[in-house]
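Here is a short report on side-chain packing in a predicted model.

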Amino acid sequence: MSSVANLSTRLEILVGGDRVRASEPALREFAIAGRAPMTVLKPRSGEEVAEIVGFATAEKLAVVACGSRSKLELGMPPQRYELALDMTDLRQIAHYDPGDLTVSVDTGMRINELAATLAEKKQFLPLAVPCSATSTVGGAISSGIDSTLRQQYGTARDFLIGAEFVDGTGKHCKSGGRVVKNVTGYDLHKLLIGSLGTLGVITRLNFRTFPLPELRGAHLASFPTIETALNFHISLLKSGLPFSGLELFDSGLSALLAASLNKAGGSPPESLATSGWHVFASFAGSAAVLERITRELQKLAGQAQAAHKETLDFPRTQLINELLREAIEWLR
């Protein structure tokens with residue numbers, strides 16, 4: 001195995017001196033379970049990623065691809081860790097066809113940046129995962145963490161239609177395509193979801209996008225026992241109503257939600273002050289759709305003998321949705 005000094009020099013020749021970092025502070029930023037890499041590389045393209053992985057394979061060096069590093073501690077810690085690939089400079093939208101509802105984006109683009117671009121065309125990607133302010137698209141897919149919008153839109157498996165990645169030999173591979181009806185690669189790209197970078201270094205991802213809903217709303221019901229709350233939750237699942245989110249939580253989490261709403265300047269729903277268990281159902285659509293869902297929810301909550309039930313306005317709906325999405329982060 002190459003010495004640290006010799007390794008850095010050879011990598012500088014490969015990708016450029018401005019793309020290689022080996023200072024102790026830089027290496028500590030990329031440590032996993034206390035283990036830091038020998039060198040941090042910041043490739044500018046998929047081709048550079050392939051060159052780096054090919055070099056690492058020849059030199060028998062272990063590589064870990066990183067984005068914002070918000071989920072870097074997931075999974076088993078690596079037994080060896082020589083090279084860290086900082087993928088955050090691969091952040092371009094390679095192709096976007098609003099009419100076809102498809103987008104191809106580099107793996108290092110932040111989710112909130114992609115969301116802003118899609119919103120200009122009144123579209124969105126239902127990839128509502130924790131740490132959304134910093135999370136990259138590639139990190140969200142590689143970590144496999146479910147979106148809080150999975151109830152209506154499914155998980156990433158349902159809207160990831162293609163990918164480009166570099167395998168362990170340094171070969172640049174493709175699976176799927178840029179259109180929804182595409183079988184090239186036999187959905188091999190879906191194996192990348194939740195793989196934590198162990199199957200390859202993702203360089204680009206293709207998604208099916210969705211129209212932004214016209215309106216959003218939510219309903220919150222409280223119950224004295226977990227049995228009654230679970231029965232209500234099950235009845236909502238069986239109702240066939242198009243919920244974008246459906247969550248059940250106890251009074252401990254409701255207190256945290258109420259405190260966070262107060263801190264954000266929003267008044268907490270009265271139901272959150274009720275002890276016991278709570279069922280939060282969020283939904284989106286036209287005014288007619290929201291009216292129908294609200295009416296059915298109030299009816300079902302009454303039949304379930306909810307201790308308290310209320311329909312939430314948009315600001316409180318939005319705040320609670322954001323808090324639940326970020327629950328992993330703010331519950332630390």
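From α8, F232, L236 and S239 meet L297, L300 and A301 of α10. The residues of this contact divide into five nonpolar, one polar and no charged. Helix α8 covers residues 226-239, and helix α10 covers residues 287-303. Their axes come within 10 Å and cross at roughly 145°. The crossing of α8 and α10 is right-handed.

Now the rings. The predicted model holds six aromatic pairs.

| Aromatic pair | Geometry | Centre to centre | Between the planes |
|---|---|---|---|
| F124 and Y153 | edge-to-face | 5.2 Å | 85° |
| F124 and F210 | tilted | 6.3 Å | 50° |

Which parts of the chain does the pair of F124 and Y153 link? F124 sits in strand β7 (residues 123-124), and Y153 sits in helix α6 (residues 150-153). These two residues are 29 residues apart. Both F124 and Y153 are buried.

The pair with F210 spans 86 residues of sequence: F124 lies in strand β7 and F210 in strand β11 (residues 210-211), so the pair ties these parts together. F210 is buried, as is F124.

Ring pairs also build a cluster. Its members are F124, Y153, F159, F207 and F210.

R216 lies over the face of F124, at 5.9 Å from the ring centre. The charged end of R69 sits over the ring of F30, 4.3 Å from the centre of that ring.

Note on methods:
Residues are numbered from 1 along each chain as its sequence is written. This is a predicted model: local features need pLDDT of at least 70, side-chain atom pairs count only at pLDDT 80 or more; totals for chains, interfaces and linings use all residues. Side-chain values use heavy atoms; hydrogens and water are left out. Axes are lines fitted to C-alpha atoms, for helices over the stretch in contact, and angles run from 0 to 180 degrees between N-to-C directions. Helices (H or I, at least four residues) and strands (E, at least two) are DSSP runs, numbered from the N terminus. A crossing is left-handed if the near helix is turned anticlockwise from the far one by less than a right angle, and right-handed if clockwise. Contact means heavy atoms within 4.5 Å. Ala, Val, Leu, Ile, Met, Phe, Trp, Tyr, Cys and Pro count as nonpolar, Asp, Glu, Lys and Arg as charged, and the others, Gly among them, as polar. Rings of Phe, Tyr and Trp (its six-membered ring) pair if their centres lie within 6.5 Å; planes under 30 degrees apart count as stacked, over 60 as edge-to-face and the rest as tilted. Buried means under 20% relative accessible area, exposed over 50%, partly exposed in between (1.4 Å probe, protein chains only). A charge sits over a ring if NZ of Lys or CZ of Arg is within 6 Å of the ring centre and within 35 degrees of the ring normal.
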